[in-house]
Amino acid sequence: MTSRAALVVGIALVAVALAIAAAPRSETQGERVARLAAELRCPVCQGLSVEDSPSDTARAMRALVEQRVAEGRSDDAIRAEFRQAYGDWIFLSPPLLDPRGLVWLLPAAAILAGLALVATRLGRAPPAPAPTADQLALLRERARLEDAIE
Amino acid sequence: MTWGDVGAGALRAALPLALWGIVSAAYAARERDVRLLGSARWSALAAFALVLLAAVSMAAALLGHDMSIRYVAENNARATPAYFSAISLWAALEGSILLWTTILAGAVTYVAWRSTRSLPRLATTALAILFAMLSFFLALVVTPAADPFVRIDPAPLDGRGPNPLLQDHWLMGLHPPLVYLGYVLFSIPFAYAVASLILGESGDRWIVATRRSALVAWALLGVGIVAGAWWSYAVLGWGGYWAWDPVENAAIMPWLAATAYLHSVMVEEKRRMLRSWNLALVIGAFSLTILGTFLTRSGVVNSVHSFTQSAIGPLLLGYLAAVLAFSFGLLLWRLPRLAETGQIGAPLSREAIFLFQNVLFVAATAAVLLGTLYPLAVEAISGDQLSIGSPYFDRVEVPIALALLFLMGIGPQLPWHGASRATLERQFAGPVATAGAGAAVALLLGLRGAAPVLVWALAAFVVATVVQEMWRGVRARRMLHGESPATAFASLFRRSGRRYGGYVVHVGIAVIAVAIAMSQALSVRAEATLAPGSSMEVAGRTVTFLGLRDVAEARRQQVVADLRLSDGGELSTALSFYPNATSAIGSPGIRSTAGDDLYAILAAYDARGHAWATIQVRVIPLVSWLWIGGLIVGIGALIAALPAAKASERRRAVVLGTPRGAPVPAAEAK
């Protein structure tokens, strides 16, 4: 297999696998309970979620989520019930569409700014004339040997 | 005289020595005074001996249950076993600061005796700075708020015992000292960086001089973090190992910043770029170690680690402010001397990948810092209470981590300056094909969702690049020197340990990434209330509840649930009741295999008749590979930190009178 064929096959395999893995599928009740419970903070723990915490309180809250899911309530209705009882504090991540959602925006902004900064400084060095394949193999072997011996 | 008197006296005697060390080292550097340097070196050694004596005294007082010392009375009981008594040295704030000070004194002594022999100005100035840090911590440990040897009168008959969570697992003897070693050893690169700024040096001498201590600090902190994750998994009973708890965040932040630093210094060494950036990174990483200590010891944020809260918060905050103001002030002052001479090449050059990697690592660090402090800021501004936990951190950090895994695969394969198309094809054909296979394996294992499948693909990609590099290195050595494959493989590590050790670290990180993806995505949980003799099913396995028994020990009462697994193996999990804890402490029963862990906890039980118990069982795939991956990272870092073979061979050649260069085959290649 040539290099190029290996590259194409590899990239295609990853793409297909990702497409299959990310394909939307219906959630089981158990998965829904786990997802909702992971959003909730265990009120008597230090930052553990209701899904993770083995404490009695967390187990009782998880049982409530399970019951509400079994009753057929919507995600938002279940969340609203907990919000009413505890306030926003009960959710382990802050609301996105809210001034407090700034915490979501800042890391993304920082990455974009950093990448932009690097990008503006790229490629200033004049490109070396492209070496031929033979020269390249020679150079690479030499660099490798030097490194290996270094 | 008791151990308490010895320890208290030793700490008070060490402080003037450290203060004298600042003066003598600073003057020795300035005036090139060898006698003063000698004085500074002996001060370092004497201060270290005294602080070590204080730490040993505390350990002896703990082992001897000397309840007249408040720290012992609060963190020890007569029934505490010897091992947990000794490691109670770091069970609470005062002892932890004592441990910190001891390690710092050791670091000062190391620099004094190892690096200042011929009175180099850089190392001697750095020594003065290290003495200044040591003075701060020695002054801290003798203030009443942090003095470990404060008396209690009358002495209680028995102490309260260590926090139950800290007397449950042997890993408590490993995790905190490793993290502290990592934290404190960052002081050495920091001190050299500041010394370099003070002296107005523009080169990378400070980087070269502290390469090994930076790497060792990074590795110890990293291994310490993994050990902490393991402890959390084995003790806290929630089947997880990382909760984005503030103390976990405090440990991971300097590690992330230091990872950026370890890579960006290579750009400075090869391309003469990023001088001020590297200085800023090392100052940042060091400041984050102090910030972490402040956050978790001052009670500002709640954490499972806030075992004690104390009045030293403001002192630590003052220290942090002083460090930041002083070092960034110096950096700004010297900025004109730090002009860049090198240039970045093409987007697909090694230096460009290092820069992207740095952006991502710094962003990852900043996001952890932001998520940790944000609830405090919001509450201060609006009074709203807000929680930021794993849903936030996972969503922000996982994409960054995936991008970093990708860069980890491509960076080492790219030449400096830039790569041609032919190079790219040759370097990446095999690894990309392997990535495809990795993605297919992930699907076959039943993984769904883009992130875990991508982790498998990228981990396979990274491992393939490393295997390819090693294969080519071995082939080159065999062709040139006619070495056997095994000899050639060994000499890669012996001669280019920094490079090949780094590859081993990359493999360890890939293993950790797969272990995290699998254990997060495919873990199964079940809970059942069972009568003795009845069973539950989880992930195709039967777990039979055999019954409950009471176990009485001097330091605790336990209720133990015995379980039998479908393969005949037995497992027990317990709830422990300590006299100094209000709620029961769970001890999970864990059966580890290479494929998965069966993790059982006793969630509730019938206290009257032992007629039933609620058992929670999780089956967690590949989780033990997380600890193994940590070990691989540690081994790789060790290989990279060991001195390369060539230096000693050359020295031998010089000693034996062999003409230099004759035995060095590089000549042939050139």
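Reader: What makes His65(B) a contact of Thr80(B) in this model?

Author: The model is predicted. Contact means heavy atoms within 4.5 Å. Setting aside neighbours within four places in sequence, Thr80(B) is in contact with His65(B), and also with Ser85(B), Gly161(B) and Pro162(B). Thr80(B) itself sits in the loop between α3 (70–75) and α4 (82–86) of chain B.

Reader: Why is Thr80(B) called buried?

Author: Its relative accessibility is 6%. Buried means under 20%, so Thr80(B) counts as buried.

Reader: What does the side chain of Thr80(B) reach, and why is that called a polar contact?

Author: The side chain of Thr80(B) reaches the backbone oxygen of Ala77(B) at 3.0 Å. The cut-off for a pair of N or O atoms is 3.5 Å, so the 3.0 Å pair falls within it.

Reader: Why is Gln29(A) called partly exposed?

Author: Exposed means over 50% and buried under 20%, with partly exposed in between. Gln29(A) has 49% relative accessibility, so it counts as partly exposed. This residue is found in helix α2 of chain A. Leaving out neighbours within four places in sequence, Gln29(A) is in contact with Val69(A) and Ala70(A).

Reader: How far is Gln29(A) from Arg68(A) in sequence and in space?

Author: The two are 39 residues apart in sequence, and their C-alpha atoms are 11 Å apart.

Reader: What makes Arg59(A) and Glu527(B) a salt bridge?

Author: The closest N and O atoms of Arg59(A) and Glu527(B) are 3.3 Å apart. The limit is 4 Å between a side-chain nitrogen of Lys or Arg and a carboxyl oxygen of Asp or Glu, so the pair qualifies. Between chain A and chain B the count is two salt bridges. The count of residue pairs in polar contact between these chains is eight.

Reader: Which helix gives the most to the side of chain A that touches chain B?

Author: That is α1(A), with 13 residues. The residues on this side of chain A divide into 32 nonpolar, eight polar and 19 charged.

Reader: How much area is buried between chain A and chain B?

Author: About 6000 Å², with carbon and sulfur atoms giving 66%. The contact takes 59 residues from chain A and 79 from chain B.

Reader: Which residues touch the most other members of the largest nonpolar core?

Author: The core has 202 residues, and those touching the most other members are Met58(B), Met133(B), Leu138(B), Trp206(B), Trp218(B) and Tyr261(B). Beyond its neighbours within four places in sequence, Tyr261(B) has contacts including Trp206(B), Ile207(B) and Leu281(B). Another core, of 22 residues, lies apart from the largest one and has Leu548(B) and Tyr605(B) among its members.

Technical notes. Residues numbered from 1 in each chain as written. Chains lettered and ligands numbered in written order. Predicted model: local features only at pLDDT ≥ 70, side-chain atom pairs only at ≥ 80, totals over all residues. Heavy atoms only, no water. Buried area = accessible area lost by both parts, 1.4 Å probe. Polar contact = N/O pair within 3.5 Å; in protein donor to acceptor, adjacent residues only side chain to side chain. Helix = DSSP H or I, 4+ residues; strand = E, 2+ residues; numbered from the N terminus. Nonpolar A, V, L, I, M, F, W, Y, C, P; charged D, E, K, R; others polar. Core = buried A, V, L, I, M, F, W, Y, C linked by side-chain atoms within 4.5 Å. Buried < 20%, exposed > 50% of the residue type's maximum accessible area, 1.4 Å probe, protein only.
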